[in-house]
Each structure stands twice: as structure tokens, then as C-alpha cells.
Amino acid sequence: MSLSPILRSLPSKSLIPSLPLANLLLRSLSTSPAPNQNPSPTLPHITKTKTQTPLQKQFDTWTQHLKPGFTPSDVDRALKSQPDPDLALDIFRWTSHHRSYRHTSLTYLTIIKILVAARRYRHAETLIEEVIAGACDPTLPLYNSIVRFCCGRKLLFSRAFDVYNKMLRSENCKPTLETYTLLFNSLLRRFSKLNVCYVYLHSVRSLTKQMKASGVIPDIFVLNMIIKAYSKCLEVDEAIRVFREMGLYGCEPNGYSYGYIAQGLCEKGRVKQGFGFYREMRSKGFVPSSSTFVIVICTLALDRRSEDAIEVMFDMLGNSRSPDHLTYKTVLEGLCREGRADEAFDLLDECRKKDVSLGDKMYKTLLNDLHYISRE
């Protein structure tokens, strides 16, 4: 490109003192592309298509199945048909954002069951809080399901009773036998030590009174749990009272009923009465649990009733139950205290023949204990 026409077009006065300006113009024009020069080819614009993950594709597929105007029954079917719990929760949340749709107790119950079964406990707790806050109308299956979940979670134990009290105040969701069974069972799991038992015994009493006042008829399982609670706290008279009232509810005592009473009486120190319940239980063909056998045997031996203790111990062995080391030691020491050391050695040998679980190590330990006690 020629520079002279441009310079000629400039005033003459500005040409002489403006040599630097001419240099700048020259530099700028030299960098400009020539008119006949082909411009550098521009790359075509590539639109990036967002690839969907398999989960997103599944989500889109399921949401497309829900036609406009879908109902809670449609959502319930979609949730139950979804094998992935996380996608089921996404569908549940997605449908809740539709203006003309509102989740019901049916869909809440379904999604909570799905999340609990998949161990998505945090999400389940969030949905449970929504239900308690009034996100849907309450129903018995939904509330009982929430009570069951809360009873199974240690940190939500008190929340289960919050739901129970909410049921008591409701008109159409009064607690049922299932509700009381869940709550009693949850309370009994906390009866570990005697001082702890007394803390929860008040709740057992209150729950029993409310169950009777509401007209709910307990079954044998609930009655046995009440008897167990009283027996654990050594409130054996209360336990016997419930035991005698079983017939009023159309229930017959079973082996657990007798076993809890026998254990409570023996631990209370009323060994004779406890042994009487044991005999009555055996006369009806009920087989005690290992813990009942052990408690009855040990308390009889400590009460210097060695013959009865040996009788119960052989009964235990005859029912394929094995006494532990402490039970054997208590019975054998009881015989030694009565001056019957020789009988204690013979009894140990006889027990070794009948009890396959009485190994060499336990046998030698018990034998050494007998030798030590007999020398005293």
C-alpha cells in the first residue's frame, strides 16, 4: 500500500513537525492486512452437547412416565417400581414441586420404607420430620411405621414417644396394639442394669395405664414384656398381678411368663416361691431359658438347697442346656460348705459325662477349686 497519497492529503504544516506521527501511521498500516490478502480461516463453532449419566437417563425416563395431572397413586407406583432408592427420592422431590400436586400419606409411607430398607437413614429422618410437621394427613400405617423406625434408632428413642403423644391427640390415628408393642419393646431393650431399670419403669407403668384406658387389649407378647419389666426391677408382686390377669385378656401364660416370674422371685430372695413357679412351669411342659435355669440353680445352691439345685441342673442338662463355670462352681461349693466334699467330686465327674461342653480346661479349673475348698 502506497503512503504518498495519505501524506499528500495531510496539511503541509502538520507534515514537517509530525514525523513521529507518520511513523506511527506507517507502523499501524503495515500491521493491517492487505485488502487482497486472505483472512485467517476461523474455526467453526462447536456446540458441546451435555452427556447424560445413566442415572439422569433413568430419572428422565421415569419422569416421562408421569403424565401431566398425575395423582399420588401414580407417584406411588413409580416409587415402588424404582429399584434405586436415590432415584426414588429424586422422583419424590421432583413431583413435590408441581403446583397442582401434593404428597399424601401413601407416598410418604412408600418413600420412607424405601429409604429405611436401603439404610438412607438421614433422608428418612428428614421426611419423618416433614410428616410430624404436618406435610400430609396422618394415617395409622404411616405413624406406626415412623414409630417403628424411631424405636430402632437409639438417638430417636424420645422422638418415638413424641409421635405416640401426637397419635393420642389425634382423632383418627389412635395408638393400636402394634404401637404399644413397639414402644414396650423399645423400653425393655434399655433394661440393662437395676438402677437403669427403675428410670424406665415409670414409663412402663404409664404406658400400661394409657393402653388400658384407650381400650387396647394386650396380647401375650405385650403382657410378657410388662411382666419382664416388673421382674427386672424386682417388683415381683406387680409382675404376679399381671400374670394372674392374663386370663382376663384371653391369654394363657407361656414359658416366658413363668420364667420371668421365677427369675424375679429368686433374685428378690423369695427362692421358695420362685422354685414353686419353676416346678409349675415344668409340670406344664414349658422349658425354661438358659438364664432362668442358671438363676434358679444358683439361688437354690446359695440358699443351701443343694438337692433342689442339683435336680434343676440335671434338668438343664437333660434339655441340652449347659451350665456355665459359675453355675457349676456355685453348686459344688454349696456341697462342700455342707461337708459333702466327696459328693461334690462325684457330681463333677457325673456332669463331665453328661455335658459335652464341659471341656478339659473347665474341668481342671473346677477340680482345682474343689481341692482348694475341701482343704479349708
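When I say that one part of the chain covers another, I am speaking of contact, by which I mean heavy atoms within 4.5 Å. Please also keep in mind that what we are looking at is a predicted model.

Let me start with helix α16, which runs over residues 271–283. The residues of α16 that are buried are Val271, Gly274, Phe275, Phe277, Tyr278 and Met281. These residues cover an arc of only 155° around the axis, and therefore they lie on the same side of α16.

What, then, covers the buried residues of α16? The covering elements include α14 (236–244) and α15 (255–268), together with α17 (290–302) and α18 (306–318). On the face turned away from the buried side, α16 carries the exposed residues Lys272 and Ser283, and just after the helix Gly285 takes a positive phi of about 85°.

I would like to turn now to Met246, which sits in the loop between α14 and α15. Is Met246 buried or exposed? Its relative accessible area is 0%, and because buried means under 20%, Met246 counts as buried. Leaving aside neighbours within four places in sequence, Met246 is in contact with several residues, among them Ile220, Asn224, Ile227, Cys251 and Pro253. Leu223 is also one of these contacts, and although Met246 and Leu223 are 23 residues apart in sequence, their C-alpha atoms are 7.4 Å apart in space.

Methods:
Residues numbered from 1 in each chain as written. Predicted model: local features only at pLDDT ≥ 70, side-chain atom pairs only at ≥ 80, totals over all residues. Heavy atoms only, no water. Helix = DSSP H or I, 4+ residues; strand = E, 2+ residues; numbered from the N terminus. Expected span 1.5 Å × (residues − 1). Buried < 20%, exposed > 50% of the residue type's maximum accessible area, 1.4 Å probe, protein only. Arc of directions from axis to C-beta.
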